[in-house]
Amino acid sequence: MNVRRLASWLTVVAVVLAPGAAVAADPIVVSIWGGNWKDTVEKIVAKPFTAKTGIPVEFEVGGTLDRLAKARVSKAAPLVDVTFTTTHVGRLYISDGLYQKLDMAKVPNAKELAKEAFRSDSHIGVWAYVYTIAYRPDLIQGEITKWADLWDPKFKGKIGLPDFDPSHIITISALLEGGDEVNWQKGQERLKRLKPNVAAFYSTDARSQDLLKTGEAPVEVMLSINGFHLMDQGVKVKLVNPTDKPGIVGIDTMGIMAGTKKADAAHQFVNFALGKDIQEQLVAAFKAGPTNLGAKVPDDLRGQPGVFTSPQEWKERAYIMNDEVRAKNLAPWKEWFNANIVAR
Amino acid sequence: MFGVALTALLQQSLLEFVPGSLRTGGLTDANFRAVLAPQYLRYIWETILLSVATTVLTLVAAYPVAYALARARSARVRSLLLVLTLAPFFTGAIVRTYAWMLVLGNSFVRWPVKLLFEPSGVLIGLVHFSMPTMILILAAAISHIDPRYERAAASLGARPARVFWRVTLPLSMPGVASGCLVVLAWTFSAFPTPELLGGGRVKMVANVVKDLALDSFNWPGSAAFAAVALAVTLAVLAVMSRGLARLER
């Protein structure tokens, strides 16, 4: 074989193998909720991440608890590398030893984050929202401006509440009576008085949106992101920045699985998702609050429920429950709520 | 496999629940004491009531259709009935239940009484869900009855109603028994219908198991409740099957 022929062969081999080499990097697997959550994170975070680093990203989608259950049974050899979940469920991952400690030296973008984003050594906030009041102005009379308005008798049989996690309304009731999530018993009697106003309880985001959309529950304690989503669909919905007590903040977080063999790539992914540019796109897509304080928020979103752009706003417009108290109290809260509020 | 799953369930039910953690503690009977409280027993009682009501109403509604399916002279009518009976099987339980939400809610119809998120609405959904199976089981049983028995009774002067009560119904009792047991058993474990049509206000056993496991993260409590519910289900089925066997005789 002469040199020219050998060179031709080598060129062919190189051309054939080159694209393969580019995608041959070991993919990282990201666990997240399905639907819009996965689609948005794939488009805004995963694809640019792969373009930048060459590391492909695969997804494992499912409900919060399905994914937690899977993580538990595959603890010895984790099937995923990065997990998105709510902050208090993140506590359960930690308590079960499913997360590893984050190496903050590998997450330089964390320096730009609001302090509220640091939920623990092992999980970090990626976006925020609030549980607040959403209502259909075309189906009810008057305006709702504060949490206490929910107790108005004119809303008899009109309110929808989440029953999968009653911590928000329990905490609000306690706050209105001078308590908080630790002294939640202070709000029990007030919450019992809300019972006649409840039309239905919901256990999924989809159901909460259905209830408001169909008018079965024209007033709801709702995730701000879902309220914005309904507005985008043309449903007449008003989201309230309550004047008496703040909305109850939820922070979705990322954690890196203990035992992953791709910890470096996972840290790169986490860092990438916290970057200013990516956070700006996530804010625009979800209409959620950025955890990166450097991220620019569109004018029409500034001041909206769940969107905080400065330490001052985080302090004044957000009420963040203690994650550990919330995780520990969830069972007794749920039991009390079912017995006293849900029961007919 | 069932034995392994049952053993795992019982094992989990005897472990201590640690709030705020997925780890479990040592052996305890606290989970059973907790789920045997009136708050939880009420859900089991309501599930029994809904299941029995569903079974009875489904039987009453399905019998005439099954009779027509088995006895219609026209092959075209039989085919039409069969297609109408089988049609719901081609849509999933979730789709059917969402359709009922639209029907029972206020979107299209103004009902004089509230149906959605009430036991009555759940009952309607459960009956509709159970109808096709009951119809097929009853139709199979009725088609095995020799029509000459009915004709003989009629020729001896029995009116149609008497023929039905004294001949057709007794001879179809094996089908009635099978249909009732099947409908009762699966209604007892119904999940999507009460979950969606109950709006959180009407909960059956499976909804409470899910609440405890997936919302409260109380897996030992959920396992204990599931074990108690399983025992109650078996007891109810045993009582019912004994009663139906007596009727068959």
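The structure is a predicted model. Chain B holds twelve helices and two strands, while chain A is divided into domain 1 and domain 2.

**Chain B: architecture**

- Read from the N terminus, the elements of chain B follow the order α-β-β-α-α-α-α-α-α-α-α-α-α-α, made up of twelve helices and two strands.
- Taken along the principal axes, the box filled by the C-alpha atoms of chain B spans roughly 75 × 45 × 30 Å.
- Chain B has 249 residues, of which 35% are buried.
- Among the contacts in chain B with a separation of 6 or more, 71% are between residues 24 or more positions apart.

**Contact between chain B and chain A**

- The contact draws on 20 residues from chain B and 25 residues from chain A.
- On the side of chain B that touches chain A, the largest share, three residues, is contributed by helix H11 (residues 205-215) of chain B.
- By class, that side of chain B consists of six nonpolar, ten polar and four charged residues.

**Chain A: two domains**

- Domain 1 of chain A is assigned to 25-128 + 250-310, and domain 2 of chain A to 129-249 + 322-342.
- The C-alpha centres of domain 1 of chain A and domain 2 of chain A are 26 Å apart, and the contact between these domains takes 15 residues from domain 1 and 16 residues from domain 2.
- On the side of domain 1 of chain A that touches domain 2 of chain A, helix H4 (87-95) and strand E9 (247-256) of chain A each supply at least two residues, and the largest share, four residues, comes from H4(A).
- The residues on that side of domain 1 of chain A comprise six nonpolar, six polar and three charged.

**Chain A: packing of helices H2 and H9**

- Helix H2 (residues 36-53) of chain A packs against helix H9 (residues 263-273) of chain A at an angle of about 120 degrees, and their axes are 10 Å apart.
- An angle of 65 to 115 degrees would count as roughly perpendicular and one over 145 as roughly antiparallel, so H2(A) and H9(A) are oblique to each other.
- The crossing in which H2(A) passes H9(A) is right-handed.
- From H2(A), the residues Val45(A), Phe49(A) and Thr53(A) meet Gln268(A), Phe269(A), Phe272(A) and Ala273(A) of H9(A), and the contact of the two helices has five nonpolar, two polar and no charged residues.

Definitions and conventions:
Residues are numbered from 1 along each chain as its sequence is written. Chains are lettered from A and ligands numbered from 1 in the order in which they are written. This is a predicted model: local features need pLDDT of at least 70, side-chain atom pairs count only at pLDDT 80 or more; totals for chains, interfaces and linings use all residues. A residue is buried if 20 or more other C-beta atoms lie within 10 Å of its own, exposed if 12 or fewer, and partly exposed in between; C-beta atoms are placed from the backbone. Two residues are in contact if their C-beta atoms, placed from the backbone, lie within 7 Å. Ala, Val, Leu, Ile, Met, Phe, Trp, Tyr, Cys and Pro count as nonpolar, Asp, Glu, Lys and Arg as charged, and the others, Gly among them, as polar. Axes are lines fitted to C-alpha atoms, for helices over the stretch in contact, and angles run from 0 to 180 degrees between N-to-C directions. Angles under 35 degrees count as roughly parallel, over 145 as roughly antiparallel, 65 to 115 as roughly perpendicular and the rest as oblique. A crossing is left-handed if the near helix is turned anticlockwise from the far one by less than a right angle, and right-handed if clockwise. Domain bounds come from an automatic or database domain assignment.
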